[in-house]
Amino acid sequence: MTGHLIDLYAWSYALANFVLWLTALPVQGIAAIANVATGSVPDPLTGTLVFLDSEPLTAFVAVIIEINIMLVWAAALNLFTLMWIERKLYSRLQDRRGIMIGLGSFDFLAATLGRIPLLGRPFRRPSHLGTGYLQNLADGIKLIQKEVITPARADKWMFHAAPVIIAVSTLMAFVALPWSEGMWIMGSYETRIVGGVSTPVPVNPWGILFILAVFSIAPLGILIAGWASNNKYTLIGGMRAAAQLMSYEIPLALCVIAVVVFSGTLDPFELVRRQSERPFTFGQWTIPWLPNWYVLNPLMWIAFIVFFISVIAESERIPFDIPEAEAELVEGWTTEYSGMRFGLVFAFKWLRALVGAGLISILFLGGWSGPTFVTLGAPNLADITATYSIPILPQEFWFVLRVYIIFVVFVWIGWSVPRIRIDQILNIGWKRLVPLSLLAILLGAGARAWLGGF
Amino acid sequence: MVDGELVAFVVLSAIEILAAIMVVTSRKLVHNVFWLAITLITIAGIYVLFRAELVGLIQIVVYAGAVPVLFLFGIMLTRRKIMEEPHESE
């Protein structure tokens with residue numbers, strides 16, 4: 001193998017940090033613009049809403065704009081980043097470099113940049129020496145161009161309805177999943193006294209329950225997809241998927257109940273507020289420099305582990321990917337789909353992993369709490385005397401960082417262990433995880449009763 | 001001035017009545033189950049419209065979780081023809 005002057009591999013991993021930062025930047029830009037436009041409203045989405053909220057139709061349009069910002073952010077940017085992380089990381093686990101198409105792969109771009117004096121000599125390099133971030137975009141463009149084929153004896157109506165049900169029910173979870181104190185769709189402001197000052201804080205009393213509810217719609221769409229394709233492999237895959245998803249929803253919900261009993265709230269904002277309080281308390285012990293994350297509490301360890309395994313199973317990742325086992329079932333219930341229909345049902349796995357990682361982060365890992373080392377002052381056009389402060393490390397950054405780290409652990413587990421059989425999957429779900437999650441509820445309730453809650 | 005809640009209520013009710021009629025008139029068992037799911041989910045929407053968010057969300061969790069079970073039983077435990085077989089002439 002010929003050597004490179006620059007270790008592109010190390011370079012791409014250094015760039016991973018930068019990509020993390022970049023994906024959080026657009027949101028902050030929108031936040032700054034919205035705040036300059038509307039004055040004192042502290043978040044991008046509500047800022048848009050207040051700016052346009054003069055009559056009901058514009059309010060409706062503003063809500064649509066909000067949802068679009070959220071979907072572009074969550075479903076496009078983060079989906080591409082998750083796919084990139086997965087493909088790059090499992091390639092390295094298999095001792096190869098993986099996808100390589102980046103901005104430098106565009107010949108015209110490389111030639112143009114090469115003419116700028118400070119960038120030195122024109123760099124003309126082969127198209128497979130990039131970071132690989134644009135590979136997923138290229139795959140998406142390829143899928144959109146392909147023909148949508150309906151099998152001859154398929155139930156046409158339900159065959160085309162199933163991807164819509166799956167994609168919509170998965171995307172609906174992003175309505176209730178907050179990315180920071182300011183970036184959310186579902187919720188409202190409530191005035192509370194924080195440190196002697198009455199400030200508006202976001203609340204969403206049913207957030208976690210909403211996410212669980214929309215999570216339970218997808219198995220129906222998968223079964224319909226498997227049945228309507230009129231193919232034995234898809235039917236078997238659909239039935240396996242339904243059995244697996246339904247049996248792992250029970251420990252998932254029971255672990256959420258354990259956390260809810262432990263903390264006394266279903267509100268994601270309130271959960272994160274409780275966890276970001278500084279002195280870590282456990283009974284009579286306090287550790288002043290440790291935050292109050294639930295994962296650090298020994299009573300919540302069982303709930304955390306069971307929830308983690310259930311999320312991996314719910315997103316059909318590799319140790320539990322028997323519904324789409326490509327070696328035996330030819331991609332399972334997605335066999336007959338082609339074109340962008342396949343793209344929708346294929347991206348479903350990553351979107352569910354994204355929601356699941358966000359839930360793990362909110363329920364156990366302190367959500368978006370983190371240090372904001374420096375804040376920059378920005379002029380406030382509505383009030384000349386006031387300035388608006390923009391944190392240089394926003395809350396979205398810390399949330400996305402946690403989500404990506406959790407996802408890296410998913411990939412790491414997924415590509416290190418072999419796939420397990422369907423009867424073993426159901427045995428683990430019903431005989432191990434359900435009793436363990438009941439034990440977790442018992443521990444949470446005991447902590448609530450005798451230690452006074454957290 | 002159009003009341004948004006009224007519009008939402010009328011649309012949800014129309015979908016629900018239509019789906020409820022389809023539940024009893026569809027010829028294929030799997031179609032019945034699908035329309036039943038639509039009926040139950042629109043009922044959840046109407047609960048949310050009545051400011052009973054908890055009831056609505058529990059409705060989705062419980063019934064959307066139960067309908068695939070019905071679906072599986074419908075496929076496995078009935079003697080109805082599940083898959084379309086190719087004709088003899090082909």
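A residue is called buried here if 20 or more other C-beta atoms lie within 10 Å of its own, exposed if 12 or fewer do, and partly exposed in between, with C-beta atoms placed from the backbone. By that count, 44% of the 454 residues in chain A are buried, and 22% of the 90 residues in chain B. The model is a predicted one, in which local features need pLDDT of at least 70 and side-chain atom pairs count only at pLDDT 80 or more, while totals for chains, interfaces and linings use all residues. Residues are numbered from 1 along each chain as its sequence is written, chains are lettered from A and ligands numbered from 1 in the order in which they are written.

Helices (H or I, at least four residues) and strands (E, at least two) are DSSP runs, numbered from the N terminus. Chain A comes to 15 helices and 6 strands. Chain B has 3 helices and 0 strands, so its elements read α-α-α from the N terminus on. Two residues are taken to be in contact if their C-beta atoms, placed from the backbone, lie within 7 Å. Of the contacts in chain A between residues at least 6 apart in sequence, 71% join residues at least 24 apart. For chain B, residues 24 or more positions apart account for 48% of the contacts with a separation of 6 or more.

The next topic is the interior. A nonpolar core is a set of buried Ala, Val, Leu, Ile, Met, Phe, Trp, Tyr and Cys residues joined through C-beta atoms within 7 Å. The largest one has 128 residues, and those with the most contacts inside it are A:Ile211, A:Cys255, A:Ala303 and A:Ile360. Helix 9 of chain A (residues 232-263) gives the most to this core, with 17 residues. In soluble globular proteins, nonpolar side chains tend to be buried together. Apart from neighbours within four places in sequence, A:Cys255 is in contact with A:Ala303, A:Val306, A:Phe307, A:Ser310, A:Ser437 and A:Ala440.

Helix 9 of chain A also packs with helix 15 of chain A (residues 422-451), at an angle of about 10° and with the axes 7 Å apart. This makes helix 9 of chain A roughly parallel to helix 15 of chain A. Axes are lines fitted to C-alpha atoms, for helices over the stretch in contact, and angles run from 0 to 180 degrees between N-to-C directions; angles under 35 degrees count as roughly parallel, over 145 as roughly antiparallel, 65 to 115 as roughly perpendicular and the rest as oblique. The residues of this contact between helix 9 and helix 15 of chain A divide into 22 nonpolar, 5 polar and 2 charged. In this scheme Ala, Val, Leu, Ile, Met, Phe, Trp, Tyr, Cys and Pro are nonpolar, Asp, Glu, Lys and Arg are charged, and the others, Gly among them, are polar.

Two other helices of chain A are covered. Helix 8 of chain A (residues 218-228) is largely enclosed by the rest of the structure, because 11 of its 11 residues are buried. Among them are A:Pro219, A:Gly221 and A:Trp227. Just after helix 8 of chain A, A:Asn230 takes a positive phi of about 60°. Helix 10 of chain A (residues 268-275) is mostly covered, with 6 of its 8 residues buried: A:Pro268, A:Phe269, A:Leu271, A:Val272, A:Arg274 and A:Gln275. The cover over these buried residues includes strand 2 (197-203), helix 7 (207-215), helix 9 and helix 13 (339-364) of chain A.

Most residues other than glycine have a negative phi, and most peptide bonds are trans. A:Glu316, not a glycine, has a positive phi of about 50°. A:Glu316 is found in the loop between helix 11 (301-314) and helix 12 (326-329) of chain A, and counts as buried because 23 C-beta neighbours lie inside 10 Å. A:Gly414, in helix 14 of chain A (residues 395-414), touches A:Arg317, A:Ile318 and A:Pro319, not counting residues up to four places away in sequence. With 21 C-beta neighbours inside 10 Å, A:Gly414 is buried too. A:Gly414 and A:Tyr90 are 324 residues apart in sequence and 9.0 Å apart in space, C-alpha to C-alpha.

Between the chains, 18 residues of chain B are in contact with 20 residues of chain A. On the chain B side, helix 2 (29-49) and helix 3 (53-76) each supply at least two residues, and helix 3 of chain B gives the largest share, 12 residues. That side of chain B divides into 14 nonpolar, 2 polar and 2 charged residues. In the loop between helix 2 and helix 3 of chain B lies B:Arg51, which has a positive phi of about 65° although it is not a glycine. B:Arg51 is exposed, with 8 other C-beta atoms within 10 Å.
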